[in-house]
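Have the sequence and structure open as you read.

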Amino acid sequence: MLAKTAINRISTLFSLYPWLSVVIFSILGLIGILNHAMWRDELNPWLIVRDSESFTDLIANIKYEGHPVLWYFSLAFLRRIADNPLIMQLFHLSITITAVLIFYLYSPFKNKHKLLFIFGYFPFYEYFLISRNYAFSLLFIFAFCAVFPSRKKTYLYLSSLIGLLANSSAYGLLVSLALSLTLLFEFCFDSEQRRKYFETSKKYDLILSFLIVIFSLILSVYIITPPANSYLHGGLNNGWSTNLDIFNLLKSINRLLASYLLIIPKKRLLDLSICACISILIFTLYLIKFSKKPVVLFMYAVGNFILLAFTYLRFAGHHRHFGHFYLVFIAALWLESYFQNSLVLENKLSPTPRLFNLAQKWHYIVFTLILSAQLFGGVYGFARNLVIPFSASRETAHYIQQNQLNDEFIVASRDVNMAALSGYLNRQLYYPERQMMGSFTLFKQGRQDVDQPEILRQIHALFQSQAVESRILLILNKELNINQDDLNIFPIKSFKRAWVDSERFYLYRVDK
């Protein structure tokens, strides 16, 4: 009761001063990103842009990443302004703030629900502090919802946003496909929409809009389709899962619950089954709620089906990935406000009035519960980021620079976990996995994981070849547990304070 009273009073304050919440959100975000230590997934794209030798080389490198081009092209533009990854963080901050501003000004939700949402897990942490391309999903989906009424006169705005969304990430592509099919569904089955559109639109509008969507989808698919020598999640070895797998199916269904309530069950069959039942109940509740608004029902059902199919067939993903279930949910509730109840499904698929009213009643309870869970996750994630570094990369880089070790010949392994260090040090490192100098990592043939004896063997070979005169700075992401008689190895310092356990670093000096 006390928490409910506090939320109501705070939401009343923000309703009187609507800009206050966005200002506070922005200030906290600036504090958060200045305190955030970036990790490999953030700085690897920056390094690809920085160290690609040409535009053709950049496109070739992007194709190993499993992401479309928009984020990389944005970073290439930003590097012309400042060759410092901080500008990437500031740009990312501006994307999320713009998305939140659109949400706060144009969404139909109550003020307290807006407040709970913007300080929730995805807007306040996952798509805010961690500088990845997924923040574009937040921006373009919300912009799509805000300009949705423009479809009565033109589809150019919506098709352009769909095109941008499709080229922001693989998951953005999936959602953009759902939004495209939704517009097509409405255009085909809503004669009133067609009549209003043809009365006011220009002749070229429909064709041009269609071409924008088709070109954008094809471009995105072309870029994210991995080359033949790619491997890992974006490659060929762990390909499509086409066999019936009950555990994988339950895990995939539970991504909806993980997206809504941030609950990820353990891998036991009982836990997976219970959470899958809860996911299906929530999904069914909203199918009933949207049942009298066919366009929204179609969008919600198709959007979830596409995401679920990809999750089952290809990649279960992490929070940043399955957060798109949550964005589809919010978008469906937003778009619902533009439609009146329809009789199209009456006496066909429409539930009984009693069941429909029950769904409407439970929606408010479930929606508030979802937003409250998101708020807890957002505040916890943000606060944890202030206390525990996300990665030890920044602290390690500062130590290297302060102790004038940046000019040493640096051998760093595992290469995948060293991208953040390369970014902060603004230099290339020697990677034993590729036996050459480098910065970013691409999962392709020619790269081979190595163990610690192999790392020391390569260091000995470097001394023997006289590529290094006297000493080497060795950086590992696991503590060195072996020694080698022909090398003098001295521990320098370890950096273990990091939320990502694979980005804790150990420094050693190696002499002949």
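Asn426 comes out as partly exposed because its relative accessibility is 44% (buried is under 20% relative accessible area, exposed over 50%, partly exposed in between, with a 1.4 Å probe and protein chains only). Keep in mind that this is a predicted model, where local features need pLDDT of at least 70, side-chain atom pairs count only at pLDDT 80 or more, and totals for chains, interfaces and linings use all residues. Residues are numbered from 1 along each chain as its sequence is written, and side-chain values use heavy atoms, with hydrogens and water left out.

**Loops**
- Asn426 isn't a glycine, yet its phi is positive, at about 55°.
- You'll find Asn426 in the loop between α20 and β2 (429-431); helices (H or I, at least four residues) and strands (E, at least two) are DSSP runs, numbered from the N terminus.
- Gln435, also not a glycine, has a positive phi of about 55° and sits in the loop between β2 and β3 (436-438).
- Gln435 counts as exposed, because its relative accessibility is 52%.
- Going from Ser413 to Arg414, the peptide bond is cis, with omega near 10°.
- Arg414 belongs to the loop between β1 (409-413) and α20 (419-425).

**Helix pair**
- On the α11 side, Glu186, Phe187, Cys188 and Phe189 meet Ser191, Gln193, Arg194, Tyr197 and Phe198 of α12, contact meaning heavy atoms within 4.5 Å.
- The residues of this contact split into 5 nonpolar, 2 polar and 2 charged (Ala, Val, Leu, Ile, Met, Phe, Trp, Tyr, Cys and Pro count as nonpolar, Asp, Glu, Lys and Arg as charged, and the others, Gly among them, as polar).
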